[in-house]
Amino acid sequence: MPTASSFVTTTDGTEVQLFTLTNAHGVQVSITNYGGTITRLLVPDKAGQLGDVVLGFDNMRGYQSPEYRKAGPYFGALIGRYANRIAQGKFTLDGKAYTLAQNNGANTLHGGQQGFDKVLWQAQPGSSTEGQTLTLKYRSPDGEEGYPGNLDVTVVYTLTKDDALQIDYTATTDKATPVNLTNHAYFNLSNDPDILGHVVTMPADRYTVVDAGLIPTGELRPVKGTPFDFTAPHAIGERISQVPGGYDHNWVLNETQGLHAAAQVYEPTTGRTMEVRTTEPGIQFYTGNFLDGTLKGKEGKVYGQHAGFCLETQHFPDSPNQPAFPNTILQPGEIFKSTTIYQFGVRS
Ligand code: BGC
């Protein structure tokens, strides 16, 4: 069974817990019920040395500091109801107009002011035939952050026997509502302060073109011949200077059926590898462009620009306003289901 310990109290005095899931190889993941946040993930390198490969803090204070709130990087958190952006914080559903908080310029980002990353989830540690589990549940009430319907969400984290972190999301609603759930872990598989040497492959021939506010224009543009082409392996740093601001885009995955490949990452100095598979049609590859050294994390590490990268499996940004994009509206009576697996390994 996973172990549970206190993760210190939130600013309003509520006790937050930290659960640690372990497998026989010593791989460990620690997750708090505050935001369902992954705070620590230990995986071996090619010499068998365990190291923490995610950005985060040792205790709740880090996640609740004014600097962290201001920067809003969402380290390791569950994101909902709608991961990524909704233009102008507005959408129309069944003829009714809805208004959400504009928390990212004029747009809504990652659920609004108090998204799923800032709420307390009900937590149940357990185990399955695959490995140790943590089941998190949250009821998002009708009207929360402007979204319609009571949305019941369950997220199951499983640390598998073969060193994968699997995340299974399910949700049901009593009114039609947009749903797009993801996890916002920042990975750094190296011992370096930045992730520019990591080699990334993404089986995606197109990406969603965005405007200056990072809202899709609707165009799915071929990556061929551009710095967005990761259909063959490329170091993150190789062409990043050709992308103003760095990578912060949604790639359109070639495969969409069942669990399919989304990304492969290889870090040459440690030999660590991470393979991402998902049931989602898209993936936001974000290279920590907005980190600027103001946040100090675990082990006193200063998180500067490109200190970590995110591979956020998802439906496309702003889908509620883009009828041609895959549907993100969950109807009453339907069950939302989504699975993402981060598989760790080494290459010598
Ligand atoms: C977004 C970035 C944003 C980051 C942290 C990513 O998912 O695409 O634009 O800065 O999350 O909020």
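Predicted model: local features only at pLDDT ≥ 70, side-chain atom pairs only at ≥ 80, totals over all residues.

**Asn289**

Select Asn289 and show its side chain, which reaches the backbone oxygen of Gly245 at 3.2 Å. If you then display its surroundings, leaving out residues up to four places away in sequence, you will find that Asn289 touches Gly245, Gly246, Tyr247, Asp248, Gln305 and His306. Is Asn289 buried or exposed? Its relative accessibility is 7%, and because buried means under 20%, Asn289 counts as buried.

**The whole chain**

Now zoom out until the protein chain is in view, with its 3 helices and 29 strands. Its radius of gyration is 19 Å, close to the 20 Å that the globule rule gives for 348 residues, so the chain is as compact as a globular protein of that length. Taken along the principal axes, the C-alpha atoms fill a box of roughly 60 × 50 × 40 Å.

If you colour the chain by accessibility, bear in mind that 59% of the 348 residues count as buried. The accessible surface comes to about 13,900 Å², and 50% of this surface belongs to carbon and sulfur atoms. Among contacts between residues at least 6 apart in sequence, 65% join residues at least 24 apart. Colouring by charge shows 25 positive and 34 negative charges, whose mean positions are 1 Å apart.

**Arg81**

Next, select Arg81, which lies in the loop between β6 (78–79) and β7 (85–86). With a relative accessibility of 1%, Arg81 counts as buried. Which backbone oxygen does the side chain of Arg81 reach at 3.3 Å? It is that of Pro141, while the backbone oxygen of Pro148 lies 2.7 Å from a polar atom of the side chain of Arg81.

**Thr20**

Move on to Thr20, which is found in strand β2 (residues 15–22) and is buried, with a relative accessible area of 13%. Show the side chains of Thr20 and Ser30 together, and you will see that a polar contact of 2.9 Å joins them. Apart from its neighbours within four places in sequence, Thr20 is in contact with several residues, including Pro2, Thr3, Arg40 and Gln132.

Select Tyr74, in the loop between α2 (66–71) and β6, where phi is positive at about 60 degrees although the residue is not a glycine. Then select Asp94, in the loop between β8 (90–93) and β9 (96–99), which is not a glycine either and has a positive phi of about 50 degrees.

Which of the two is buried, and which is exposed? Tyr74 counts as buried at 8% relative accessibility, whereas Asp94 is exposed, with a relative accessible area of 67%.

Note on methods. Residues numbered from 1 in each chain as written. Heavy atoms only, no water. Helix = DSSP H or I, 4+ residues; strand = E, 2+ residues; numbered from the N terminus. Rg over C-alpha atoms; globule rule 2.2 N^0.38 Å. Buried < 20%, exposed > 50% of the residue type's maximum accessible area, 1.4 Å probe, protein only. Contact = heavy atoms within 4.5 Å. Areas by Shrake-Rupley, 256 points an atom, 1.4 Å probe, with all protein chains shown as cover. Lys, Arg positive; Asp, Glu negative; His and termini not counted. Charge placed at Lys NZ, Arg CZ, Asp CG, Glu CD. Polar contact = N/O pair within 3.5 Å; in protein donor to acceptor, adjacent residues only side chain to side chain.
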